[in-house]
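Good morning, and thank you for coming. Please look at the structure on the screen while I speak about ring pairs and charged side chains.

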Amino acid sequence: MTMKPKPAQAPTLPRNSILKGDCIAVMEGLPAGSIDLIFADPPYNLQLKGDLHRPDNSLVDAVNDSWDQFSSFAAYDRFTVQWLAAARRLLKPNGAIWVIGSYHNIFRVGAALQDQGFWILNDVIWRKANPMPNFRGKRLTNAHETLIWASRDEGARYTFNYEALKSLNDGVQMRSDWVLPLCTGHERLKDANGDKAHPTQKPVSLLHRVIVGTTNPGDVVLDPFFGTGTTGAVAAMLGRDWIGIEREPAYIAAASERMARVRPYDADALGITGSKRAEPRVPFGAVVERGMLRPGEVMRSFNARHTARVRVDGTLVAESCTGSIHQVGAALEGAPSCNGWTYWHFQREGRMIPIDILRQQIRAEMDAPRTH
């Protein structure tokens with residue numbers, strides 16, 4: 001009797017672990033379509049031609065490691081195309097990627113992203129609140145880095161927590177220029193000699209904004225250039241799973257020690273301000289059906305200039321028009337549109353209350369856990 005060969009098992013996703021090796025080879029060994037978000041801080045290919053000194057002749061601790069050195073722009077471009085192709089294969093259909101870089105490489109990376117089929121959503125300028133000065137005085141002080149945010153495909157339903165980012169920004173819509181400090185002080189990891197453990201360690205604040213804004217708890221975040229693990233540390237604190245890929249033993253050691261110290265935030269602290277568009281739709285008729293407003297009851301506009309009466313079918317009737325809460329409000333104001341939920345108010349105990357309060361009560365009932 002011949003035995004049928006067993007089908008090869010699909011690789012499992014090694015969540016919450018650091019994978020040692022070349023990022024391209026490691027990514028090619030992970031299951032396709034398994035990652036929600038990739039944050040990539042690839043080599044910048046700085047093309048330094050020697051040491052950089054301050055005016056007092058002290059040496060600047062610049063990026064001169066072998067991992068940042070490529071023989072030519074063509075060699076760097078080949079590397080970029082290869083790792084981006086491996087990254088795109090890993091993303092879920094609605095997944096997204098962030099790539100950060102400097103003027104040395106970000107334009108080449110941006111072109112490669114588009115050539116690979118990614119769809120660019122935004123570029124973000126990280127303006128450093130405390131940049132390193134230009135010691136030679138021959139160029140402008142390089143005070144920013146650029147991030148590119150892209151979905152895997154055009155038309156993808158990528159995650160964007162608009163209201164959460166707005167809340168982080170004191171209730172003002174988040175812009176594409178972010179003023180955040182460099183990683184310094186107690187946040188900067190040091191090696192046994194007291195030197196920087198990694199020359200381009202990113203600040204926690206930058207990753208906090210990225211992960212809160214473009215992932216949800218339980219999502220998987222991959223960093224193919226893990227370094228000392230800022231992406232993993234922030235993801236873990238925010239209740240996301242993470243995977244880091246790194247080939248340098250010293251960085252792996254520093255990141256492993258760092259991840260062992262990470263304490264996730266309490267579950268009740270992970271809630272964010274949700275998008276109103278994602279909330280359950282409630283028709284105004286439901287307010288009438290439940291007796292929260294009686295047919296015939298008078299409602300007033302927020303500016304007290306107009307009144308209308310509620311009808312049994314959830315429409316309003318005013319002196320000059322009849323229709324939905326939105327249609328009547330727009331007609332009375334002579335406006336192209338109107339949010340009737342915030343426009344119309346009803347009176348209770350001498351107070352004028354927006355009807356949106358009633359919609360929120362119904363939504364709370366819909367979200368409440370059911371008991372049997």
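I begin with arginine 88, whose charged end sits over the ring of phenylalanine 118, 5.8 Å from the ring centre. A charge sits over a ring if NZ of Lys or CZ of Arg is within 6 Å of the ring centre and within 35 degrees of the ring normal. Before I continue, please note that this is a predicted model, in which local features need pLDDT of at least 70 and side-chain atom pairs count only at pLDDT 80 or more, while totals for chains, interfaces and linings use all residues. Residues are numbered from 1 along each chain as its sequence is written, and side-chain values use heavy atoms, with hydrogens and water left out.

With which aspartate does arginine 88 form a salt bridge? The partner is aspartate 153, with the closest N and O atoms 2.4 Å apart; a salt bridge is a side-chain nitrogen of Lys or Arg within 4 Å of a carboxyl oxygen of Asp or Glu. Arginine 88 lies in helix 2 and aspartate 153 in the loop between strand 5 (144-151) and helix 4 (162-168), so the pair ties together parts that are 65 residues apart in sequence. Helices (H or I, at least four residues) and strands (E, at least two) are DSSP runs, numbered from the N terminus. Arg88 and Asp153 also belong to a network of salt bridges that includes Arg152. At a relative accessible area of 23%, arginine 88 is partly exposed; buried means under 20%, exposed over 50%, and partly exposed in between (1.4 Å probe, protein chains only).

The count comes to 14 salt bridges. Among them, aspartate 241 and arginine 15 meet at 2.7 Å, N to O. Aspartate 241 is in strand 8 and arginine 15 in the segment before strand 1 (17-20), so this bridge ties together parts 226 residues apart in sequence.

I turn now to the rings. The structure holds 12 aromatic pairs, where rings of Phe, Tyr and Trp (its six-membered ring) pair if their centres lie within 6.5 Å; planes under 30 degrees apart count as stacked, over 60 as edge-to-face and the rest as tilted. Tryptophan 83 and phenylalanine 225 form an edge-to-face pair, 5.2 Å centre to centre with 85° between the planes. Both tryptophan 83 and phenylalanine 225 are buried. Finally, ring pairs link Trp98, Trp149, Tyr158, Phe160, Tyr162 and Trp178 into a cluster. Thank you.
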